[in-house]
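The following exercises are to be worked through with the sequence and the three-dimensional structure at hand. Each task is followed by a solution in steps.

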Amino acid sequence: MNVSNFWQQQVFAIDSKFNACRAHGHPSFRTLYIRRRNQLLREYAKNDETGFRKQYLRIRTQLLQQRYNICLDQTSITSRSISVRSGSRLGDIPDLFLFERESENTETNNVVPTRQAEASRAIVGDNTVSENYAFVGVHYIFDQHNSAVTLVKFANNDRSRLCCVSNDATITICNVTSNPPSVECTLKAHSKAVTGCDWSVSNDLLVSCSLDGTICLWNVASAKCIRQVQGPSSVSLLSCLFHPVNNNIVVAGNEAGLLMVLNVSTGIYPRGGSSKIGGQILSLTFDANGQLLWAGTDKGVITSLTCDDSGKLHKLHRIVIAQNCAITCLSWRAWINREARDPTLLVNCAANAVCLFKVSDTDGRLQLKKKYNVRHKSGRYLVRSTFCPIMSFREGACIVSGSEDSCVYFIDISRDINFMVNKLQGHSCPVLGVSFNYDESLLATSDQQGLVIIWSREKKTAKELL
């Protein structure tokens, strides 16, 4: 990120932190204000003077502090922004982790790709990782939800449609590339906070679950709920997922630690399609063929299971990541890049950690590869992360994670030092959801106050890249 863009991020972060103080009772005005501020910053940056940036930042901070009588330690913002560039491995909480990291000294365990992938580099224009992930421009800001947006998810192989799940009991589907971006529809059937959602393979269906204990199946085109199924004993449901091969099957986890398979065509829970995991099941992920399933709980445990064609579940292995530290997000990927083809699991753990695991065999056993320090201590914040979708075509491999310090972090997992390649500041509270569209042109992030920011990739000229 160049100096001008870094300065824009600092100013935007300050405006976002004070935005909650503006126009009480008029949230639409606050959103309009922050959008306009972002537009002015980008226009001004075309002709700004380097010497004026620090002075402007200091004066604006002082004026906002005086106006709202709130003290904001500007030096702490600057120091955090600078220190993240160097990065540090998660070494301050080793006692929380109850397993040893797999040795990274052998060549076979190294996730760093070779420099011989000429075709891969040609696909992405031979840019550096930092250039590829220089997301600094705010494309749009959505504020249709009045409570936390805990999950955002772009449709499969789609650059426009974004699903937003909120604690206000609604789901919205947004078109982020229309002019202007807009909310296409609002889905209402749940009576309590919506806790999970997933797109079907063809994106014609959407499944959701809620604290009201129901699973809803939605027709996306008509925005209608075509089936609503109550879970056993009306226990709150915390996560749900389509089977990646058979979209008649949905897997859901509840707060009583029960993992359940539902046939959404019939609305029936098949015999043998449940397994008691324990704890509260906060996160789920399948492998590509749907044979392996991992479930993460609020007790810091990840359990691997098999799921056959009939929907029967069988437990395989259990690993304790960090005692009583919630596993808030799980993501599976077949391979990191062309030179590191091990199946990999990405894990958010409420022990200030984002972890990368190697799936070591067909039984879903996990071996820790790396862990990174990201602010995430409270299990009540469902902080999530994601693999960058086309990272396998370039040298280097990145993940993106939200955090409780209101920032979004880009981490190059192929590096052992200086792995923080970008940091976005725009939210004023914990960042929960993160999602790329399929071509990585846009990144969606959501926060605890219900704000959804759509970030756009920085456009660089040929002269800037030289």
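Two strands pair if DSSP finds at least two bridges between them; strands (E, at least two residues) are DSSP runs, numbered from the N terminus. The model is predicted, so local features need pLDDT of at least 70 and side-chain atom pairs count only at pLDDT 80 or more, while totals for chains, interfaces and linings use all residues. Residues are numbered from 1 along each chain as its sequence is written, and side-chain values use heavy atoms, with hydrogens and water left out.

**Exercise 1. Two antiparallel pairs**

Task: Describe how E10 pairs with E11, and determine how many residues of E10 are buried.

Solution. 
- Step 1. E10 and strand E11 (residues 249-254) run antiparallel and are joined by five bridges.
- Step 2. Within this pair, valine 250 of E11 lies opposite phenylalanine 242.
- Step 3. Buried means under 20% relative accessible area, exposed over 50%, and partly exposed in between (1.4 Å probe, protein chains only). Because six of the six residues of E10 are buried, E10 is largely enclosed by the rest of the structure.

Task: Carry out the corresponding analysis for E24 and E25.

Solution. 
- Step 1. Strand E24 (residues 407-412) pairs with E25 over five bridges in the antiparallel sense.
- Step 2. Valine 408 has leucine 424, in E25, as its bridge partner.
- Step 3. Strand E25 (residues 420-425) is mostly covered, with six of its six residues buried.

**Exercise 2. The largest pocket**

Task: State the volume of the largest pocket and the make-up of its lining.

Solution. 
- Step 1. On a 1 Å grid over the protein atoms alone, a pocket is an open set of points where a 1.4 Å probe fits, with protein on both sides within 12 Å along at least five of seven lines; lining residues have an atom within 4 Å of a point. Grid points are joined across faces, edges and corners, and a volume is the space filled by probe spheres set on the points.
- Step 2. The volume of the largest pocket is about 1400 Å³.
- Step 3. Its lining comprises 46 residues, and those nearest the centre are Lys153, Asn156, Asp198, Ser331 and Trp332.
- Step 4. Several strands supply at least two lining residues each, among them strand E2 (149-154), strand E6 (194-199) and strand E10 (237-242). The largest share, six residues, is that of E18.
- Step 5. The lining contains 25 nonpolar, 16 polar and five charged residues. Here Ala, Val, Leu, Ile, Met, Phe, Trp, Tyr, Cys and Pro count as nonpolar, Asp, Glu, Lys and Arg as charged, and the others, Gly among them, as polar.

**Exercise 3. Cysteines**

Task: How many disulfides are there?

Solution. 
- Step 1. A disulfide is a pair of cysteine sulfur atoms within 2.5 Å.
- Step 2. The count by this rule is zero disulfides.
- Step 3. Cysteine 197 is in no disulfide, as the nearest cysteine sulfur, that of cysteine 163, is 3.6 Å away. Cysteine 209 is likewise in no disulfide, and the nearest cysteine sulfur, that of cysteine 240, is 3.6 Å away.
- Step 4. Cysteine 197 counts as buried at 2% relative accessibility, and cysteine 209 is buried with a relative accessible area of 0%.

**Exercise 4. Loop residues**

Task: Locate asparagine 203 and asparagine 418, and state whether each is buried or partly exposed.

Solution. 
- Step 1. Asparagine 203 occupies the loop between E6 and strand E7 (205-210). Its phi is near 65°, a positive value in a residue other than glycine, and asparagine 203 is buried at 7% relative accessible area.
- Step 2. Asparagine 418 sits in the loop between E24 and E25. Its phi, also positive, is near 50°, and asparagine 418 is partly exposed at 38%.

How values were computed
Helices (H or I, at least four residues) and strands (E, at least two) are DSSP runs, numbered from the N terminus.
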